[in-house]
Amino acid sequence: MFKSQTAKIAVVCAVLAAVAIVVPNTNSFLILLATRILAFSILVMSLDILLGYTGLPSLGQAAYLGVGAYATAILASKYQFGFGYDFWLVVVIGVVLAAALAAVFGLLAIRATGVYFLMITLALGQCVWGLAYRWNSLTGGDNGINVRGRPQFFGLDLANEITFFYVVFGFFAASLLVMFVLVRSPFGRSLAGIRERELRMQILGYNTWLHKYIAFIIAGAFGGLSGVLWAHTAGIVSPENVIITTSVDAILMAVLGGAGTLIGGVIGTTIVIGLREYLSTLVPWWQYVLGAVYVLTILYLPSGLMGIPERIRQRGSESGKTKVGKTEDQEKLASAAS
Amino acid sequence: MNTQFWIIQAFNGISYGALLFLLGAGLSLIFGVMRIVNLAHGSYFLLGGYVALTVIWTTDSWLLSLPVAALAIAVLGMVMERLFLRSAGLEFARNGLIAIGVALLVALAIDEWTQFIASGNWIMFVVVALVIAAGLYYLLGNVSTIAIEADPLRQVLLTVGFAFLFQQAALDIWTGNNFDIFPPGPLTQSMVIGQLYFPLYRVFMIATAAFIGVALWLAMEKTRMGAMVRATVDDSEMARGVGIDTSRISMFIFGLGAFLAGLGGVIGGAFLGIYPGLDFEVLPLAFAVVIIGGMGSLGGAAIGALLVGLADNFGKALFPEISYFTLYAPMALILAVKPTGLFGRE
């Protein structure tokens, strides 16, 4: 078990290193695409903490991306703030605002379970969308806000797409590391316990509400970080970023890769954003492909791409069992009878 | 801000609420019976409008477009429910449909290089598609699947997948242009009471919603079928236990919900217009109706629709900048306090 775990970590590190080396040497289309994927991946991973590790399917995660992105865009366009060293302050502001919003929303949402949790997070996400869409004087309404220019600090000019890619990559790697440590910590383990059986955790003396609430806030904070990066990546922040389909997309990306694996969310994001950006330049019917990916994933791959090896292994062991002729159950029955 | 303003705004709000009732009542029933959050409900609304447009273009009859569009969407909803949301027993049909769909996409992608269609070689294209479809069908049949019924999240995502597919299909069939549905002449006039003008079309909307609401209420309260539906909403396991065929009920309700949404699309098309993106614009409003009113309750949907219609209208007129916020924030609060909605059954 430990060995395969180390191997997995090694593979992930190797792939990330390869991405960091290869991508900057490709064309600017791919560099921008990779930057988008990395920035959005942080949101998807944050959602995975809720969805995969805690069992809370949030249908309004785009709200936190929106808060981070709008905070960045408003500070940049109205106050010319965040183009120098103060970029780091913007990161902190985006994260804190999103966490604060999650703290408020969490108070309302955490008590709900199952399909009601879906509905209430949808409603809360719509609140943020409604403000983004209608509060013209602050958010620019339907047109959104353009973010002109990117920060410069330490002699780094983020307007250079390769430099910017590395900065986003750094944030991504740091987020992945922090979330990885988090889900492996005792706190993360108790979240998994809540996902599996909340009542048992309560009986064991855990304050499950508080655990879920903290997880909700942490996920919101990472969503805010993702939003700050997204604002500078896309160069425009609009209600499109907080609309319900963005939240649903994030869930699909997590489920496609495999919920509860963190890295699966990154794979899912790569596939969906990659498909969307690449196919839309090739064929007019690209959205069919996206719909098909949804339907196929949900119906045939509930454990996602990361779950495929496990399923093949199970299948192999099942057919092995039938060859031997006795399943475990039959053996148990036999021993019970004797 | 005189009385005139209040009367006109209230009238507009009520007529908008009438439209939302058509949309929300179906969603509410579907949720009540199946516990499914159907995110394709807005697509039914939009597709209803589009089908009506086609009927109007070919037959020139607005009156005919109402039942045709609503029935077409009802069939669509029932197929979606029976094959995909609850496919037990019909997995082969589901797999076959998916295999054909995916094979068409793959064949189209291959055709980008081989250019069979462009060179008029249709037969080759069909052969390629059929071969791929057969292979896929075999593959899908051998994938062990976990039933989707027990997992609300997967059901939601599946309906979103369909919403995307419908969106693209609508774009391909009806282009991305904005259309208007023009009701027949008499309905475009206005009623004059005192100094106030009331568009007859809005009166018609209110009358239609009231008629359908009463008909639905009678069907639910006074018929055997209605009693079976109510039993399923309250406790589907118990209902199955006493011999109610709940799977037929859920298919029927899904069809009914789609029917109402499609009808709403035709009626609403005259006053919202029909354009890509309308589906996800009306969807959250429908959810607001359902949540405020209470899930699975018809009367609740009526009150919810009225409240949302009025709140939306007055919100936009009085404080436009936060008008959506004033709609969704109460919705979230209601959910937090009473998850089943104001008038929902526990």
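## Confidence of the model

pLDDT is the predictor's confidence in each residue, on a scale from 0 to 100. This is a predicted model, in which local features need pLDDT of at least 70 and side-chain atom pairs count only at pLDDT 80 or more, while totals for chains, interfaces and linings use all residues. Residues are numbered from 1 along each chain as its sequence is written, and chains are lettered from A and ligands numbered from 1 in the order in which they are written.

Chain B has a mean pLDDT of 85, with 99% of its residues at 70 or more. Chain A also averages 85, and 93% of its residues score at least 70. The model as a whole scores ipTM 0.82 and pTM 0.87.

Within chain B, confidence is lowest in strand β1 (residues 190-193), at a mean of 77, and highest in helix α2 (residues 41-59), at 92. In chain A, pLDDT stays under 50 over residues 321-338. For that stretch the model has two contacts beyond four places in sequence, a contact being a pair of residues whose C-beta atoms, placed from the backbone, lie within 7 Å.

## Chain A

Chain A contains 15 helices and four strands. Helices (H or I, at least four residues) and strands (E, at least two) are DSSP runs, numbered from the N terminus. Along the principal axes, the C-alpha atoms of chain A fill a box of roughly 80 × 45 × 40 Å.

Of the 338 residues in chain A, 48% are buried; a residue is buried if 20 or more other C-beta atoms, placed from the backbone, lie within 10 Å of its own, exposed if 12 or fewer, and partly exposed in between. Among contacts in chain A with a separation of 6 or more, 76% join residues 24 or more positions apart.

## Chain B

Chain B has 13 helices and two strands. Its radius of gyration is 22 Å, close to the 20 Å that the globule rule gives for 346 residues, so chain B is as compact as a globular protein of that length. The C-alpha trace of chain B spans about 70 × 55 × 40 Å along its principal axes, and buried residues make up 47% of the chain.

An automatic or database domain assignment supplies the domain bounds. For chain B, domain 1 covers 3-81 + 152-337 and domain 2 covers 89-146. The C-alpha centres of these two domains lie 35 Å apart.

## Helix α7 of chain B

Helix α7 (residues 200-222) of chain B has 23 residues and reaches 32 Å from its first C-alpha to its last. That is close to the 33 Å expected at 1.5 Å a residue, where the expected span is 1.5 Å times one less than the number of residues.

The buried residues of α7(B) are Arg202(B), Met205(B), Ala209(B) and Leu216(B). They pack against α1 (3-34), β2 (196-199), α10 (246-272) and α12 (298-318) of chain B.

## Where the chains meet

The contact between the chains takes 43 residues from chain A and 43 residues from chain B. On the side of chain A that touches chain B, α5 (114-134), α6 (136-139), α11 (244-257) and α13 (286-300) of chain A each supply at least two residues. α5(A) gives the most, with 15 residues.

The residues on this side of chain A divide into 33 nonpolar, eight polar and two charged. Here Ala, Val, Leu, Ile, Met, Phe, Trp, Tyr, Cys and Pro count as nonpolar, Asp, Glu, Lys and Arg as charged, and the others, Gly among them, as polar.

How values were computed:
The radius of gyration is taken over C-alpha atoms; the globule rule is 2.2 Å times the number of residues to the power 0.38.
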